[in-house]
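User: Hi! Please walk me through this model a piece at a time, starting inside the fold.

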Protein chains: 2
Amino acid sequence: MPGPIQSIERAAAMLRLLARGSGHHGLAEISASLGLPKGTAHGILRTLQRVEFVEQDQTTGRYRLGAALLHLGTSYLDANELRSRSINWADTLAARSGQEVRIGMHLDGAVLVVHHVFRPDDTMQTLGIGAMLPLHATALGKVLLAYDADLSATTRRRELTSLTRRTIVTPAALERVLVQVRTRGWASEAEEFMPGEASIAAPIRVPGGLVVGAIGISGAVDRICDSASRPKPALVEDVSFAADAVSRALTTGS
Amino acid sequence: MPGPIQSIERAAAMLRLLARGSGHHGLAEISASLGLPKGTAHGILRTLQRVEFVEQDQTTGRYRLGAALLHLGTSYLDANELRSRSINWADTLAARSGQEVRIGMHLDGAVLVVHHVFRPDDTMQTLGIGAMLPLHATALGKVLLAYDADLSATTRRRELTSLTRRTIVTPAALERVLVQVRTRGWASEAEEFMPGEASIAAPIRVPGGLVVGAIGISGAVDRICDSASRPKPALVEDVSFAADAVSRALTTGS
DNA sequence: GCTCGCGGTCGACAATGTCGAACCTGATCG
DNA sequence: CGATCAGGTTCGACATTGTCGACCGCGAGC
């Protein structure tokens, strides 16, 4: 593959860098992180600023992401077929299960949340769309890992960061779980991501069988799991049903 | 200003182009729109694809925005001070007024919605964050225009697109309204953007007086306006109060 | 089966972005 | 109060880098 454009890749790397830490970053920090001379980094930043992908704090001189990205991000959502076709089923699942619903897909070694429905009775809403969740500690992530051999391999090669006492941290244990996910057709997790929280998820497939995303519910452990701390079969059924419904919705239509 | 990086500007233009029409665009269409040779456009697109800013439909070969942009967009929101400092006051305003609340700022000749609170009693509403609204037909936009001379001048020079029978379409009429906004300190609009809908907005300022955004409510005409089809004074008061509160919140703190 | 339109490829050319040293400004500190 | 430092910014020579347009291969439609 000839000629990936250097400056654009560098610009993208900068935006990614600025997205991490969600704070303000200085030029020196940026140029050091990417191993670029200050002058070069400055030129790229100034260009990104011109197109409003980046803003600069007038007083401190530090850089942060720009407003144009917000619009691009939501434009992506509008065009995203997985999301648009799954919204109705996500609502249905939320109503049926009484739990919060998320739809995720793989992005860059994590789960990108492309849709989020709050728990029906809950008002306090932290909007989760656009958030990135760990692959190895969420039900959504396990589903994505289970059906993507490459992704699974690279993930196990990397450090499995421990988020709670229950997080799976050894590659072997993760692989064992993924085998189970594949045979069952769904994944679950209890307090591996956040204490007191559990989740269940199932794969969304395009015609041909390729898994392109996952849909799942999450909530307090005692809502998701039965007394033996295993996922309640009725909820598993709901999630699987919704996943199949979305997959079918992706099959039909343009 | 020396050396805005050509390829990055072109890449940004492509992303903007893809964001419009929220559909799939072909290579030929893109290269024609930007006046670039196909080969060049292709190189840029392939690079954007590598960094997941762009995706390509496997079957049709057409291009669309990529998932990475969603994450960047929400990261922008996290870092946005205007938004984070105004969330609480937006909730308060929604509760007080009983109406839907939006916070907007200027982006690229339009109003970018950076925060959105649904009407308290209403559940089914479409999420408006990241949306772009016209400057001349919304209360939020009028506020931004009123306090930005440059923006106001360029906007009046462009076509004022008519959205309803009531939309202001002549530069002179718009200027008259903006003068009024400046003297009153708030703006309103009734059925100029959408039939049956009205809105009220007031400016958010940073220390020094510069207007950086606007906060406003919107809803059915009969909720916003009194029988003389003028904005209800109580609501105007609520909005102004909230705007001042947010401005103060921006002053204090880091 | 020919042609058109589409996305994709290739290689020569020089315009383009890169680089590093030097500059400026404001804050910090002896 | 001057020196020093750390930040962002500017500049110009160099050659790397992206650009360009002609050329493929393929599928759809006449």
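Analyst: Happy to. Gly104(A) stands opposite Ala214(A), which lies in β8(A). Strands here are DSSP E runs of at least two residues, and helices are H or I runs of at least four, numbered from the N terminus. This is a predicted model, where local features need pLDDT of at least 70 and side-chain atom pairs count only at pLDDT 80 or more, while totals for chains, interfaces and linings use all residues. Residues are numbered from 1 along each chain as its sequence is written, with chains lettered from A and ligands numbered from 1 in the order in which they are written.

User: How many bridges join β3 to β8 in chain A?

Analyst: Five, and β3(A) (residues 100-107) runs antiparallel to β8(A). Two strands count as paired if DSSP finds at least two bridges between them.

User: What order do the strands of that sheet in chain A come in?

Analyst: The open sheet of chain A has six strands in the order β5-β4-β3-β8-β7-β6, with antiparallel pairing. At the edges are β5(A) (132-133) and β6(A), each pairing on one side only.

User: Is β7 of chain A largely enclosed or open, and why?

Analyst: Enclosed: seven of the nine residues of β7(A) (197-205) are buried, so the rest of the structure largely surrounds this strand. Buried means 20 or more other C-beta atoms, placed from the backbone, within 10 Å of a residue's own; 12 or fewer is exposed, and in between is partly exposed.

User: Switching topic: how many residues does each chain put into the contact?

Analyst: The contact takes 46 residues from chain A and 46 from chain B, where residues touch if their C-beta atoms, placed from the backbone, lie within 7 Å. On the side of chain A, α4(A) gives the most, twelve residues. That side has 27 nonpolar, twelve polar and seven charged residues. Ala, Val, Leu, Ile, Met, Phe, Trp, Tyr, Cys and Pro count as nonpolar, Asp, Glu, Lys and Arg as charged, and the others, Gly among them, as polar.

User: Which are the closest to DNA strand C?

Analyst: Gly39(A), Gln6(B), Gly26(B), Ala28(B) and Gly39(B), out of 24 residues surrounding DNA strand C. The elements giving two or more residues there are α1 and α3 of chain A together with α1, α2 (27-34) and α3 of chain B. For DNA strand C, α3(A) supplies the largest share, five residues. By class, its surface has seven nonpolar, 13 polar and four charged residues.

Key:
Near = placed C-beta within 6 Å. Contact = placed C-beta atoms within 7 Å.
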